[in-house]
Amino acid sequence: LSELNECELWATDVSCAYLESYTTEKIVFTAGPEFGKLEGHTMLVVKALYGLRKSGQCWHNRLFEVLEGMGFFPSKAEPDIWMRPKGDHYEYLAAYVDDLLMCSRDPKSVIKELEAPPHNFKLKGTGPVAYHLGCDFFRDPDGVLCVGPRKDIDRMVDH
């Protein structure tokens with residue numbers, strides 16, 4: 001789609017994604033000595049932490065709300081592919097947990113929206129896609145965009 005619509009293909013990762021959402025579980029613990037003056041107090045966990053049963057769902061719901069608020073809507077065929085109209089074309093965003101792949105003529109503006117209030121996402125590895133979800137993105141000698149596990153193949157050949 002990015003090639004057909006003359007768009008750029010960018011990737012980014014939402015840093016500490018689960019902590020961007022709030023848990024729906026009631027979890028309490030007694031603070032230990034590492035909490036200093038609060039040792040012995042009963043503490044309530046409010047953020048979705050890695051390892052909690054519902055944290056993945058909480059993060060997914062948070063991302064859904066953010067993207068919907070930005071004017072994206074999910075594909076009927078695949079709910080983790082998001083689209084929004086931009087005049088003569090659509091922008092696309094594919095989400096796999098906290099890894100985002102976006103197709104846009106102006107991907108920097110999408111990144112700025114995600115990083116700006118009220119979302120304030122901390123993003124890392126942001127830029128034109130070169131490696132995403134275990135695959136390399138590269139152009140062949142004819143300039144055609146290709147995707148494949150070249151790094152993994154090179155590692156297997158070296159062993």
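Me: First, a term: residues are in contact when they have heavy atoms within 4.5 Å. What kind of model is this, and what pLDDT do side-chain atom pairs need to count?

Reply: Residues are numbered from 1 along each chain as its sequence is written, and side-chain values use heavy atoms, leaving out hydrogens and water. This is a predicted model: totals for chains, interfaces and linings use all residues, local features need pLDDT of at least 70, and side-chain atom pairs count only at pLDDT 80 or more.

Me: Is Glu-91 buried or exposed?

Reply: Glu-91 lies in strand S6. Strands (E, at least two residues) and helices (H or I, at least four) are DSSP runs, numbered from the N terminus. Below 20% relative accessible area a residue is buried, over 50% it is exposed, and in between it is partly exposed (1.4 Å probe, protein chains only). With a value of 2%, Glu-91 is buried.

Me: Which residues does Glu-91 touch, not counting those up to four places away in sequence?

Reply: Let's set aside residues up to four places away in sequence. Glu-91 then touches Phe-72, Trp-82, Met-83, Arg-84, Lys-86, Cys-103, Ser-104, Asp-106 and Val-110.

Me: What is the length of the polar contact between the side chains of Glu-91 and Ser-104?

Reply: A polar contact is a pair of N or O atoms within 3.5 Å; within protein, one must be able to donate a hydrogen and the other to accept it, and residues adjacent in sequence count only if both atoms are side-chain atoms. With the side chain of Ser-104, the polar contact is 2.5 Å.

Me: How many aromatic pairs does the structure hold?

Reply: Rings of Phe, Tyr and Trp (its six-membered ring) pair if their centres lie within 6.5 Å; planes under 30 degrees apart make a pair stacked, over 60 edge-to-face, and the rest tilted. By that rule, the number of aromatic pairs in this structure is six.

Me: How many residues apart in sequence are the parts that Tyr-18 and Tyr-50 tie together?

Reply: These two rings are stacked, 4.2 Å centre to centre with 10° between the planes. Tyr-18 is in the loop between S1 (8-14) and S2 (22-30), while Tyr-50 is in the loop between S3 (42-47) and helix H1 (55-69). Tyr-18 is buried at 16% relative accessibility, whereas Tyr-50 is exposed at 51%. Their pairing ties together parts whose separation in sequence is 32 residues.

Me: What kind of aromatic pair do Phe-73 and Tyr-90 form?

Reply: Phe-73 is partly exposed at 35% relative accessibility, and Tyr-90 is partly exposed at 37%. Together with Tyr-92, they form one aromatic cluster. The ring centres of Phe-73 and Tyr-90 are 6.5 Å apart and the planes meet at 80°, so the pair is edge-to-face.

Me: What is the omega of the peptide bond from Pro-117 to Pro-118?

Reply: Pro-118 sits in the loop between H2 and S8. The peptide bond that reaches Pro-118 from Pro-117 is cis, with omega near 5°.

Me: What phi does Leu-133 have?

Reply: Leu-133 is in the loop between S9 (131-132) and S10, and is partly exposed at 47% relative accessible area. Although Leu-133 is not a glycine, its phi is positive, at about 50°.
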